[in-house]
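User: I am new to this structure and would like to go through it in questions and answers. Please start once it is shown.

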Amino acid sequence: MSLFTVDARGDAVDPHGDPIVVDARQRGRRVGWLLLSLTLFGVFGLAVLPSPYVIERPGPVIDTLGSVTVGDEEVPLIEIPTEPTYDTDGTLSLTTVTIYGNREQPPSWFEVIRAWLDPSQAVVPIDAVFPPGVSTEDRREQSRIDMENSQQEAIAAALRTLGEPYESQLRVVETLEGSPAEGVVRGDDIILAVNDEPVRDVTALRAAIADNGTAEPAMLTLLRNGSERTVEVTPQLSDAEPRVPVIGVLIAGEYVFPFEVTIELENVGGPSAGMMFALGIIDTLTPDSLAGGAEVAGTGTIAADGTVGPIGGIVQKMHGAVGAGADWFLAPLANCGEVAGSIPSGLEVFAVGTLDEAIGVLEAIADGDDLEELARCER
């Protein structure tokens with residue numbers, strides 16, 4: 001142990017009375033190297049340490065009136081081979097969100113901080129996108145089924161608007177392990193009604209389950225192997241946001257339409273393109289251009305009855321629309337809380353709650369009408 005004392009002047013001296021001399025420059029260098037090492041270690045940690053988040057970024061913007069590449073071939077995104085179709089002007093583009101990161105490969109803290117500083121990106125807890133116990137493959141399969149259902153409901157909504165009749169039913173693809181429906185509902189069951197109320201499309205089924213809630217069983221009327229039966233299933237709250245009552249089944253909406261409508265779109269999942277699909281189908285089947293040649297983008301789920309529902313990533317989708325050259329944007333009325341105050345410069349955004357309202361906005365744009373009376377998302 002080193003001993004020292006302090007003389008009358010306040011200087012430190014060793015046991016022999018000699019002053020202890022400290023090299024200030026050497027000490028400064030040591031402190032500097034220490035701080036630099038800590039900084040480098042922190043930067044390295046931010047660059048490589050995983051975070052509990054994923055990042056939402058603007059994804060591709062795709063014109064429903066245009067064409068897409070399938071394999072090596074360029075084909076119309078919407079094709080109706082047996083019916084008269086019409087060329088149109090302008091664009092009716094669907095918007096998407098790209099998710100960066102997953103439970104197996106989350107983004108680093110450095111990437112998360114950079115995304116926090118970018119208004120076109122959003123940082124989302126990983127559990128909200130990839131719930132515990134749900135693999136990336138499970139989520140991808142659910143997203144694929146949601147896309148197929150949204151296309152079918154978009155066709156149904158468009159034909160309903162055009163006065164074309166159709167038939168529909170809900171077929172169970174599978175029940176999820178550990179869900180309320182496991183062991184009660186089977187694959188290939190047809191769901192006819194919930195609590196004696198007929199359900200013809202996925203949106204109606206979800207609404208009926210939500211209305212039932214989680215406090216008591218829902219009575220499901222099923223068609224199984226040609227025979228009707230009634231079973232009880234008590235819904236539980238979903239793991240993913242928004243947390244809504246679910247019974248834990250993957251559903252395919254099966255429709256019998258009076259003519260074939262094909263929608264070709266690869267590597268895009270989820271239900272949020274439904275409204276734009278429906279608008280594209282209507283524009284394809286009618287002589288006049290719905291938006292009169294304007295560059296329009298939008299998003300929103302669609303139900304067969306024409307109801308437009310909320311979606312995720314609305315801010316990223318608006319930024320994507322601006323980047324793709326859109327001047328006008330159709331947003332679900334239910335997303336107004338996120339839209340207000342977050343609209344990118346140069347984009348006019350209208351709030352719509354139904355397919356008819358969306359068509360009304362497009363017709364007003366095409367006719368050059370006063371747009372001030374149309375619904376917007378206020379702060």
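**Loops, helices and cores**

Analyst: N267 lies in the loop that links strand 17 (262-263) to helix 6. The model is a predicted one.

User: Is N267 buried or exposed?

Analyst: The cut-off for an exposed residue is a relative accessible area over 50%. N267 has a relative accessible area of 81%, so N267 is exposed.

User: What is the phi of N267 near?

Analyst: Most residues other than glycine have a negative phi. N267 is a residue other than glycine, yet its phi is positive. The value for N267 is near 60°.

User: Which loop holds D196, and what is its phi?

Analyst: D196 sits in the loop between strand 10 (190-194) and strand 11 (197-198). With a relative accessible area of 67%, D196 is exposed. D196 is not a glycine, but its phi is positive, at about 70°.

User: How many helices and strands are there in the protein?

Analyst: The protein has 379 residues, and buried residues make up 42% of them. Among contacts between residues at least 6 apart in sequence, 72% join residues at least 24 apart. The protein contains nine helices and 22 strands.

User: How do helix 4 and helix 9 lie to each other: oblique or perpendicular?

Analyst: The axes of helix 4 and helix 9 come within 11 Å. They cross at roughly 70°, in a right-handed crossing. Helix 4 and helix 9 are therefore roughly perpendicular to each other.

User: Which residues make the contact of helix 4 and helix 9?

Analyst: On the side of helix 4 they are A157, A158 and T161. The residues of the contact of helix 4 with helix 9 divide into four nonpolar, one polar and one charged. On the side of helix 9 they are L355, D356 and I359.

User: At what angle do helix 4 and helix 6 cross?

Analyst: Helix 4 passes helix 6 in a right-handed crossing, and their axes come within 8 Å. Helix 4 and helix 6 are oblique to each other. The angle of this crossing is roughly 45°.

User: Which residues of helix 6 make the contact with helix 4?

Analyst: Helix 4 brings M147, S150, Q151, A154, I155, A158, L159 and T161 to this contact. The residues of the contact of helix 4 with helix 6 divide into ten nonpolar, four polar and no charged. From helix 6 come G274, F277, A278, I281, I282 and L285.

User: Where does the largest share of the largest nonpolar core come from?

Analyst: The largest nonpolar core has 51 residues, and L265, F277, L279, I281 and L330 have the most contacts inside it. Elements that each supply at least two residues of this core include strand 7 (91-100), helix 4 (136-161), helix 6 and helix 9. The largest share of this core is eight residues, and these come from helix 6.

User: Which residues does I281 contact, leaving aside its neighbours within four places in sequence?

Analyst: Contact here means heavy atoms within 4.5 Å. I281 is in contact with I78, I80, A154, I155, A158, V261 and I263.

User: Is V54 buried or exposed, and what separates its C-alpha atom from that of Y100?

Analyst: V54 belongs to strand 3 (residues 53-63). Its relative accessibility is 0%, so V54 counts as buried. Not counting residues up to four places away in sequence, V54 touches residues including I99, Y100, P107 and F130. V54 and Y100 are 46 residues apart along the chain, and their C-alpha atoms are separated by 5.9 Å.

Methods
Residues numbered from 1 in each chain as written. Predicted model: local features only at pLDDT ≥ 70, side-chain atom pairs only at ≥ 80, totals over all residues. Heavy atoms only, no water. Core = buried A, V, L, I, M, F, W, Y, C linked by side-chain atoms within 4.5 Å. Buried < 20%, exposed > 50% of the residue type's maximum accessible area, 1.4 Å probe, protein only. Helix = DSSP H or I, 4+ residues; strand = E, 2+ residues; numbered from the N terminus. Axes fitted to C-alpha atoms, helices over the stretch in contact; angles between N-to-C directions. Parallel < 35°, antiparallel > 145°, perpendicular 65-115°, else oblique. Left-handed = near helix turned anticlockwise from the far one by under 90°. Nonpolar A, V, L, I, M, F, W, Y, C, P; charged D, E, K, R; others polar.
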